Amino acid sequence: MSNDGTSSPLDRHVDPTPPPISQPTTGNASDGSVLPHSNGNGTDDNGGQQNGVVVPSYTTTRLRLNPNADHKPDSYENLDLDFSPFLFSSLESYLPSNLLSLSRDVKVTYMRDVLLRYSPESERVRFQKHREYRQKIISNYQRLHMELYTMHATTFFVPSFLKAINENTEQGFRNIMSEPTPGIFTFEMLQPHFCEMLLAEVENFEKWVHETKFRIMRPNTMNKYGAVLDDFGMETMLDKFMEEFIRPISKVFFPEVGGSTLDAHHGFVVEYGMDRDLDLGFHVDDSEVTLNVCLGKQFSGGELFFRGVRCEKHVNTETQSEEIFDYPHLPGRAVLHRGRHRHGARATTSGNRINLLLWCKSSVFRELRKYQKEFPSWCAECQREKKERQHQSVTAAKLVKLKFSNQSVLLPNW
Ligand SMILES: [Zn+2]
């Protein structure tokens, strides 16, 4: 997905999963709600019947500008839909209150109609193809550890992490985290047993791929080794992982990049070593917030290097000395950072290193970014330029003042 439209010599990760459909924002209504485009096919402007379900009228029903935070959306996972079931769950919170209590079928019909009018044909075809690809894997691959495929917080996470999540306060999070440089948080997260099971599952999956010669898609444009966990059945578990364990933290530490509205993820593992990917070049992720957890194995090298947060326009600008930060991985320990925090991984010089990556995205943030003319607060270079301009205008004002006062001294006193 390209949300900036710029080409840059700096490699960008490209997400092979279909992008979430952005929340429609056209036609702002005076009451603060968002009115969808004019009516599409198959529905009646005054409300009507379609396939046996009553379709709400677009003249009276509108999407809300802000989600209904108290509403617990339905699950759409067991339906055969042409958009991601998680997208329906996310969009549901934006439905007007009078629709929320209606049956799931009615809500699906309404939301699907909205989505169809905002989603290009090519994206839908891509989503359909990817869904078929996943279904083919899921129906053929024999899982090794069933317990990995549903969220079991107490067996996945270390107690200190769970305690902080339950407290859900900034102080609670800070108690378990260190922030060695602004915007990079590291903390103990995964149980060793969980890491072992996940490593074994990935190994088992790779073995199956090798034996069946199944052509799998690698996690992104830069990693040749590794696997997309969402593609072999972990999508639902990882969605919970993001919603319940990453979003609460991101809401506190990354609100300016959509941390509180994360609604889509791309979950994968990457493998480094002499016989795998050796290192990873300097890049930014296609995410708002990235979680990177070392699952382990014995290795040396492989440090992450960070070089400051940049917007699309400034992605290749110089690094300031205070932005230089290197991080050595420790098994089980997580690193959480903004997707646009420029980084790379140094060569893993011996052994194998396997990391779990969860790219968390916010469709709301991406949609809003399209309309923002303002320089983003999170780009260090934008802020530096802004300060520079302020400094220049202050200096200019002082000069004017100085010139004026000099003149006033020279003026005769009568
Ligand atoms: Zn910038």
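Four bridges join strand S11 (residues 304-309) to strand S12 (residues 324-327), and the two run antiparallel. Strands, like helices, are DSSP runs numbered from the N terminus; a strand (E) has at least two residues and a helix (H or I) at least four. Two strands pair if DSSP finds at least two bridges between them. The model is predicted: local features need pLDDT of at least 70, side-chain atom pairs count only at pLDDT 80 or more, and totals for chains, interfaces and linings use all residues. Residues are numbered from 1 along each chain as its sequence is written.

Arginine 307 has isoleucine 324 of S12 as its bridge partner. S11 also pairs with strand S14 (residues 341-345), again through four bridges in the antiparallel sense. Here phenylalanine 306 stands opposite histidine 343 of S14. In a regular strand, side chains alternate between the two faces of the sheet.

Proline 328 lies in the loop between S12 and strand S13 (333-338). Proline 328 counts as exposed because it has 12 C-beta neighbours inside 10 Å. The C-alpha atom of proline 328 is separated by 10.0 Å from that of cysteine 294, 34 residues apart along the chain.

The protein chain as a whole has 11 helices and 15 strands. Of its 414 residues, 34% are buried. Among contacts with a separation of 6 or more, 79% join residues 24 or more positions apart. Two residues are in contact if their C-beta atoms, placed from the backbone, lie within 7 Å.

The largest nonpolar core has 55 residues. Such a core is a set of buried Ala, Val, Leu, Ile, Met, Phe, Trp, Tyr and Cys residues joined through C-beta atoms within 7 Å. Leu229, Ile246, Val269, Val293, Leu358 and Cys360 have the most contacts inside the largest core. Helix H9 (residues 235-253) gives the most to this core, with seven residues. Leaving aside neighbours within four places in sequence, leucine 358 touches Leu238, Phe241, Met242, Ile246, His265, Gly267 and Leu291. Another core, of 15 residues, lies apart from the largest one; Tyr76, Leu87, Tyr110 and Met111 are among its members. In soluble globular proteins, nonpolar side chains tend to be buried together.

Helix H3 (residues 104-118) has 15 residues, which at 1.5 Å a residue should span 21 Å; its end C-alpha atoms are 21 Å apart, so the two values agree. The expected span is 1.5 Å times one less than the number of residues. Buried residues in H3 are Lys107, Thr109, Tyr110, Met111, Val114 and Leu115. Helix H1 (residues 85-92) packs against H3 at an angle of about 95°, with the axes 11 Å apart. H1 and H3 are therefore roughly perpendicular. Phe88, Leu91 and Glu92 of H1 meet Lys107, Val108 and Met111 of H3.

Most residues other than glycine have a negative phi. Asparagine 168 sits in the loop between helix H6 (159-167) and helix H7 (170-176). Asparagine 168 is exposed, because 12 other C-beta atoms lie within 10 Å. Lysine 297 is in the loop between strand S9 (289-296) and strand S10 (299-301). With 16 C-beta neighbours inside 10 Å, lysine 297 counts as partly exposed.

How values were computed. Buried ≥ 20, exposed ≤ 12 C-beta atoms within 10 Å, placed from the backbone. Axes fitted to C-alpha atoms, helices over the stretch in contact; angles between N-to-C directions. Parallel < 35°, antiparallel > 145°, perpendicular 65-115°, else oblique.
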